[in-house]
Amino acid sequence: MDRIIQQTDYDALSCKLAAIAKGYLPAPQFSDPNEIESYKLIHSAYFNTLKTHSRRIYGKINKSISSSFPVMNIGTYLRTVALDSQIETFLQKNDKVQIINLGCGSDLRMFQLLNKYDNLTKYLDLDFKDSIYFKNDILWNTELFRDTLHLERSNETDGELAHSDRYKLISCDLKDTTNTMTILQSLTDSQIPTLVITECLLCYMPQLESQTLINSIISFYRVGEWLSYDPIGGDQPNDRFGLIMQTNLRESRNLEMPTLMTFNSKESYASRWNIISNDIKTNIDIKDMWEIFNSDIEPTEKQRLKKLQFLDEFEELKVMQTHYVLLNAQWEHAL
Ligand code: SAM
């Protein structure tokens with residue numbers, strides 16, 4: 001099952017590259033004009049080096065990019081800009097911070113963020129071993145990436161991962177909370193405000209393991225914020241979204257989302273961060289992506305999106321986006 005789950009990263013990467021190819025990303029409303037070209041350059045450089053590493057994966061991703069639908073592209077656009085803008089808000093309101101991206105896959109956010117924010121002291125990318133070594137090979141074998149991230153690697157032959165003072169790639173199974181916490185405790189500072197990102201990770205984890213991970217991280221870091229993006233199954237009696245999604249994933253890839261129907265509403269999804277403790281204060285906000293589309297995307301930006309591709313499945317877009325959520329959970333321990 002872990003191997004099948006790892007492959008979901010190629011879907012995330014194809015979606016991101018398709019949204020860039022069709023002009024959805026980077027979004028003018030959310031980007032500095034001077035970041036637009038470097039965003040495209042970094043993603044195309046990653047894809048080009050990936051081609052030399054695996055023709056098979058390259059072919060698969062290329063095929064998905066060419067057949068991308070507007071509903072998918074808008075979904076990727078929304079998920080990316082909504083997360084990016086909350087990440088930047090966190091970076092702007094704190095002096096010294098660290099970011100932990102759990103189930104990072106091929107996400108390349110670290111480039112913009114490390115380059116733009118000197119107060120970002122550590123950025124950790126964690127995923128399964130194979131995914132991390134794959135990403136490591138691409139980063140290390142691309143001059144642009146080595147230079148931009150100031151990567152070092154003293155001993156390639158013993159499998160040492162490329163790293164810098166501020167950026168680390170970490171291979172681990174996040175279901176093993178004890179090992180994950182040992183790594184985080186050795187590489188990060190519990191007293192520095194910490195942002196945890198889980199973008200389409202928790203939906204693939206069993207309930208007990210994902211809850212243990214949430215509890216352990218919140219207990220360890222004194223002040224933090226968690227951004228989590230996932231699908232929810234839907235809790236209305238006639239809502240078949242989650243059941244259909246589960247059947248499709250099972251039949252087409254033998255893939256499970258174990259908690260899709262357990263955390264099937266915004267309220268139940270958010271309940272996992274609602275830590276009952278006198279010592280920890282939490283503040284949780286959760287929106288579905290349709291609400292975010294309507295509240296955060298400016299009219300000019302909506303007009304720009306409309307012109308990129310003809311969208312006749314507006315109702316389908318609404319149904320899909322009401323079944324994806326972005327949670328923002330902030331916590332602080334009493335002194
Ligand atoms: N977060 C990235 C993004 O949104 O572009 C990748 C999302 S991909 C759908 C899910 C990622 O979570 C994959 O890279 C997968 O390997 C990783 N993942 C899932 N379960 C994991 C686990 N137990 N330990 C480590 N990584 C895991």
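Biologist: What counts as a cavity here?
Modeller: A cavity is a set of points on a 1 Å grid over the protein atoms alone where a 1.4 Å probe fits but cannot get out; lining residues have an atom within 4 Å of a point.

Biologist: Which residues line the largest cavity?
Modeller: Leu202, Cys203, Asp230, Pro231, Thr259, Leu260, Phe263, Tyr269 and Arg272 line the largest cavity. This is a predicted model, and linings use all residues, while local features need pLDDT of at least 70 and side-chain atom pairs 80 or more. Residues are numbered from 1 along each chain, and side-chain values use heavy atoms, without hydrogens or water.

Biologist: Switching topic: which residues does UniProt mark as "binding site"?
Modeller: The unreviewed entry lists Arg79, Gly103, Asp173, Leu174 and Glu199; such annotations may be inferred rather than shown by experiment. These residues span 121 residues of sequence and are spread in space too, with C-alpha atoms up to 24.5 Å apart.

Biologist: Arg79, buried or exposed?
Modeller: Arg79 has a relative accessible area of 15%, so it is buried (under 20%; exposed is over 50%, partly exposed in between, 1.4 Å probe, protein chains only).

Biologist: What does Arg79 touch?
Modeller: Leaving out residues up to four places away in sequence, Arg79 contacts (heavy atoms within 4.5 Å) Ala12, Arg109, Glu199, Cys200, Tyr229 and Met289.

Note on methods
1 Å grid on protein atoms, 1.4 Å probe; cavity = no way out; pocket = protein on both sides within 12 Å on 5 of 7 lines; lining within 4 Å.
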